[in-house]
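Thank you for asking me to look at this entry. Please have the sequence and the structure open while you read my remarks.

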Amino acid sequence: MGAQSEGPLVVGVDSSTQSTKTLVVDAETGLVIARGQAPHTVSGDGKESDPEQWWQALGEALRQCGDAARQASAVSVGGQQHGLVALDAAGEVVRPALLWNDVRPAPQSERLTEELGGAKVWAERIGIVPRPAFTVAKWAWLRENEPAAAAATTAVRLPHDYLTQRLTGQSVTDRGDASGTGWWASSTQSYDTEILEHVGLSPDALPRVALPGEAAGTVRTEELPLPHGALVAAGTGDNMAAALGLGLRPGQPVLSLGTSGTVYAVSTHRPTDPTGMVAGFADARGDWLPLACTLNCTLAVDRVAALLGRDREAVEPGGSAVMLPFLDGERTPNLPHASGLVHGLRHSTTAGQLLQAAYDGSVFALLQALDQVLDGDAGADTPLLLIGGGAKGRAWRETVRRLSGRPVVVPQAKELVALGAAAQAAGLLLGEDPAAVARRWGTTRGAEYPAVERDGAAWERLAATLESGGALLRG
Ligand SMILES: Nc1ncnc2c1ncn2[C@@H]1O[C@H](COP(=O)(O)OP(=O)(O)O)[C@@H](O)[C@H]1O
Ligand SMILES: O=C(CO)[C@@H](O)[C@H](O)COP(=O)(O)O
């Protein structure tokens with residue numbers, strides 16, 4: 001144990017694409033008592049991970065927390081959204097999970113959109129247009145491409161509720177993560193039986209959706225170093241967990257730079273964006289979480305830095321190079337077949353300028369959605385909260401400042417997803433609103449960077465390259 005606690009201890013888990021992070025936190029003060037982290041691998045033809053690996057990584061990360069984890073009174077799991085975990089009648093995994101960033105379901109995405117009335121109908125009824133990222137498109141892909149695996153599937157879970165089920169033996173999810181499936185309708189706040197029937201999935205295959213503040217159960221496994229009988233909260237998707245961890249109030253924009261890039265805010269209005277750029281997710285408390293997500297964020301920029309043989313901070317200003325680093329296809333804008341595009345190279349272009357162009361292209365794709373995410377809920381001078389692994393980097397931060405023209409706040413707390421899960425566990429334990437718990441913990445305290453003049457010229461070059469690269473980017 002690294003620090004002294006005053007109140008009961010809670011554990012927050014972030015099971016994300018690249019790793020599992022665990023925090024043991026004092027429920028009263030928010031003091032982090034211990035932390036752990038264990039990596040995952042992503043493999044397969046698309047993007048897949050073995051859920052058993054998440055469970056093993058959770059065990060490893062908790063063991064790194066030492067005795068503190070064994071003293072926890074409550075636990076909660078935040079997880080990467082949308083992943084399709086298919087289980088058979090014995091509760092065994094049928095095949096590796098299809099992850100949020102797997103773009104193979106692009107044809108199924110288009111077909112589903114049209115078959116059920118078009119993008120506007122989806123946005124109004126479900127809250128999202130079924131892009132390849134979402135679970136419903138993954139399930140349609142599985143049925144078409146691996147019918148035997150689909151036929152053997154009797155239960156479908158998301159990463160966070162798969163882990164919650166292994167912890168508690170209970171089949172429970174929450175409205176936040178359910179809202180990213182494509183079969184939970186934001187208009188009725190329940191599973192949409194017509195869509196489920198259309199894709200051949202029984203509602204019995206899905207977990208119960210807990211109400212905000214409801215428990216999933218208690219720890220029933222002996223496999224992890226957690227106390228038997230500790231309370232387990234319903235958990236949620238990783239972005240919803242980070243929103244809890246920041247104690248967000250409506251209209252406070254967040255930019256998260258991790259494996260995915262995300263931009264979001266809490267809203268009291270149910271979002272219904274017919275362009276599909278902004279997903280109308282639910283948050284974990286009863287409000288909404290309009291969010292746009294990119295596939296090419298920290299990993300894409302790190303890959304460009306490695307190709308150039310440079311440290312990720314070794315950027316140089318100036319030059320005319322423009323890069324759209326869509327190495328994995330892209331989700332925002334919706335270009336699942338895209339690959340990376342470079343324009344404007346000259347003899348004078350330096351490697352550092354090319355690296356800066358990769359940062360610019362990645363941040364541009366995210367910021368393009370910001371106004372639509374906020375939908376008038378915040379002015380141009382509202383600070384952006386910068387979180388995720390990339391928020392530790394100077395080059396990321398300065399690129400965001402230069403292209404947004406907004407003040408930026410980088411919270412001192414680095415693991416906001418795990419911290420949000422811990423706030424949910426603390427809220428359950430103490431009978432408090434988890435966002436109020438996080439505010440009491442002071443999780444947004446951090447370094448403040450004032451606004452700088454927005455680089456309109458770089459923005460225009462990026463917008464022009466995106467437009468003129470159309471046919472190439474559509475693939
Ligand atoms: N000091 C740093 N500066 C810039 N980027 C960093 C730094 N440390 C980690 N990163 C980036 O953070 C990414 C991981 O972010 P994280 O939010 O933990 O990922 P995930 O989305 O899987 O949770 C890595 O891909 C790496 O590029
Ligand atoms: O698909 C989305 C949001 O809609 C992603 O944000 C995933 O939730 C993965 O998150 P990270 O592993 O990057 O944290």
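Predicted model: local features only at pLDDT ≥ 70, side-chain atom pairs only at ≥ 80, totals over all residues.

1. The protein has an average pLDDT of 96, with 99% of the residues scoring at least 70, while the scores for the model as a whole are ipTM 0.99 and pTM 0.97.

2. The protein is assigned two stretches of structure that the rest of this note relies on, namely domain 1, which covers 9-240, and domain 2, which is made up of 248-414 + 444-474. Taken over C-alpha atoms, the centres of domain 1 and domain 2 are separated by 25 Å. Their contact involves 26 residues from domain 1 and 29 residues from domain 2.

3. On the side of domain 1 that touches domain 2, the elements giving two or more residues are α4 (119-125), α8 (175-178) and α10 (238-245), and α4 gives the most, with 4 residues. Sorted by class, this side of domain 1 holds 10 nonpolar, 11 polar and 5 charged residues.

4. An unreviewed UniProt entry carries the annotation "domain: Carbohydrate kinase FGGY C-terminal" for residues 308-426. Over residues 308-426 the chain of the model is 38% helix and 12% strand, and the C-alpha atoms at the ends of this stretch are 45 Å apart.

5. Ligand 1 is surrounded by 16 residues, of which Ser16, Gly258, Thr298, Gly389 and Gly393 are the closest. Helix α11 (residues 298-308) supplies the largest share of this shell, with 3 residues. By class, the shell around ligand 1 consists of 2 nonpolar, 11 polar and 3 charged residues, and at least three residues are drawn from each of domain 1 and domain 2.

6. Around ligand 2 there are 17 residues, and those that come nearest are Ser16, Thr17, Gln81, Thr259 and Ser260. The elements that give two or more residues to the shell around ligand 2 are α10 and β19 (288-294), and the residues of this shell divide into 4 nonpolar, 12 polar and 1 charged.

Note on methods:
Residues numbered from 1 in each chain as written. Chains lettered and ligands numbered in written order. Near = placed C-beta within 6 Å. Nonpolar A, V, L, I, M, F, W, Y, C, P; charged D, E, K, R; others polar. Domains from an automatic or database assignment. pLDDT = per-residue confidence, 0-100. Contact = placed C-beta atoms within 7 Å. UniProt positions renumbered as here; feature names shortened; annotations may be inferred.
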